[in-house]
Amino acid sequence: MEKLKILTYPDPFLKQKAQQVTKFDDSLKELAQAMAAAMYDNTGIGLAAPQVGHGLRLFVADVDFHGEDSGPKNPIAYCNPVIKNGQGRGMNEEGCLSVPEYRAEVERFERLTLEYQDLDGNQHSLEAEGLLAICIQHETDHLEGKLFIDYLPPLKRKMVQNRLKKLAREA
Ligand code: NI
């Protein structure tokens, strides 16, 4: 598969709700592989299919990755993720490959259970906390057409959106 281009705000595709994965075939595996490559290329820890122009309920993540010296890469693909049983609330700084040059504190569950399917369609249930729990909530939001900046207070959100639109025009 060719290198994937990461869409950035205000690309309207990022606002669309993604569709269930129903075909667990080779092209799904190729897409997940190309998404992982794009994630690592851009030093991200998670990337959702809508961010690369595919309207599928799929994301990849590797929360242990922090750049060149991270050691062995271990990308995991999550299909049709459903968050259950969120517990605790905490504020954490987040960034997003689709929201360049901006980070902000967002409130999320501290612990959760994730039900998802792997690339072969097998069902899994995962208990997550810490950075993985945050990453899962951030990426699952992408499948609903939601970005982390949507959680900002309205005035701040507007300011950030305007700055990002200006950045996009200048690109
Ligand atoms: Ni993101």
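**Close-up views of a predicted model**

**Figure 1. A charged side chain lies over an aromatic ring.** In this predicted model, Arg89 is placed over the face of Phe109, at 4.6 Å from the ring centre. A second example involves a lysine: Lys73 lies over the face of Tyr40, and its distance from the ring centre is 5.3 Å.

**Figure 2. Tyr40 and Phe65 form an aromatic pair.** The count of aromatic pairs in the model comes to four. In the pair shown here, the ring centres of Tyr40 and Phe65 are 4.6 Å apart and the planes stand at 70°, so the arrangement is edge-to-face. Tyr40 belongs to helix H1 (residues 26–41), whereas Phe65 sits in the loop between strand S2 (58–61) and strand S3 (76–96); the pair therefore ties together parts that are 25 residues apart in sequence. Both Tyr40 and Phe65 are buried.

**Figure 3. Phe59 and Tyr78 form a stacked pair.** A pair of aromatic rings is described by the distance of the centres and the angle of the planes. For Phe59 and Tyr78, these values are 4.8 Å centre to centre and 20° between the planes. Phe59 lies in strand S2 and Tyr78 in strand S3, so this pair ties together parts that are 19 residues apart in sequence. Phe59 has a relative accessible area of 0% and is buried; Tyr78, at 4% relative accessibility, also counts as buried. Together with Tyr116, Phe59 and Tyr78 form one aromatic cluster.

**Figure 4. The largest nonpolar core contains 21 residues.** In soluble globular proteins, nonpolar side chains tend to be buried together. Within the largest core of this model, the residues with the most contacts are Leu4, Met35, Leu47, Leu58, Val60 and Leu119. Helix H1 and strands S2 and S3 each supply at least two residues of this core, and the largest share, nine residues, comes from H1.

**Figure 5. Leu58 and its contacts.** When neighbours within four places in sequence are left aside, the residues in contact with Leu58 include Val21, Leu28, Leu31, Met35, Ala77, Cys79, Leu119 and Leu143. Ala48, Ala49, Pro50 and Tyr78 are also among the contacts of Leu58.

**Figure 6. Three residues supply the protein donors of the nickel ion.** The donor atoms are SG of Cys96, NE2 of His138 and NE2 of His142, and they lie 2.1 to 2.3 Å from the nickel ion. The spacing of these donor residues in sequence is C-x41-H-x3-H. Cys96 in strand S3 and His142 in helix H2 (residues 130–143) are 46 residues apart, and this pair links distant parts of the chain. Both Cys96 and His142 are buried.

**Figure 7. Cysteine residues without a disulfide.** The count of disulfides in the model comes to zero. Cys79 is in no disulfide, and the nearest cysteine sulfur, which belongs to Cys135, is 15 Å away. Cys79 counts as buried, at 0% relative accessibility. For Cys135, the closest cysteine sulfur is that of Cys96, at 10 Å, which is too far for a bond; a disulfide requires two cysteine sulfur atoms within 2.5 Å. Cys135 likewise counts as buried, at 5% relative accessibility.

Conventions: Residues numbered from 1 in each chain as written. Predicted model: local features only at pLDDT ≥ 70, side-chain atom pairs only at ≥ 80, totals over all residues. Heavy atoms only, no water. Phe/Tyr/Trp six-rings, centres within 6.5 Å; stacked < 30°, edge-to-face > 60°. Helix = DSSP H or I, 4+ residues; strand = E, 2+ residues; numbered from the N terminus. Buried < 20%, exposed > 50% of the residue type's maximum accessible area, 1.4 Å probe, protein only. Lys NZ or Arg CZ within 6 Å of the ring centre and 35° of its normal. Core = buried A, V, L, I, M, F, W, Y, C linked by side-chain atoms within 4.5 Å. Contact = heavy atoms within 4.5 Å. Donors = N, O, S within 2.8 Å, 3.2 Å for Na, K, Ca; no water.
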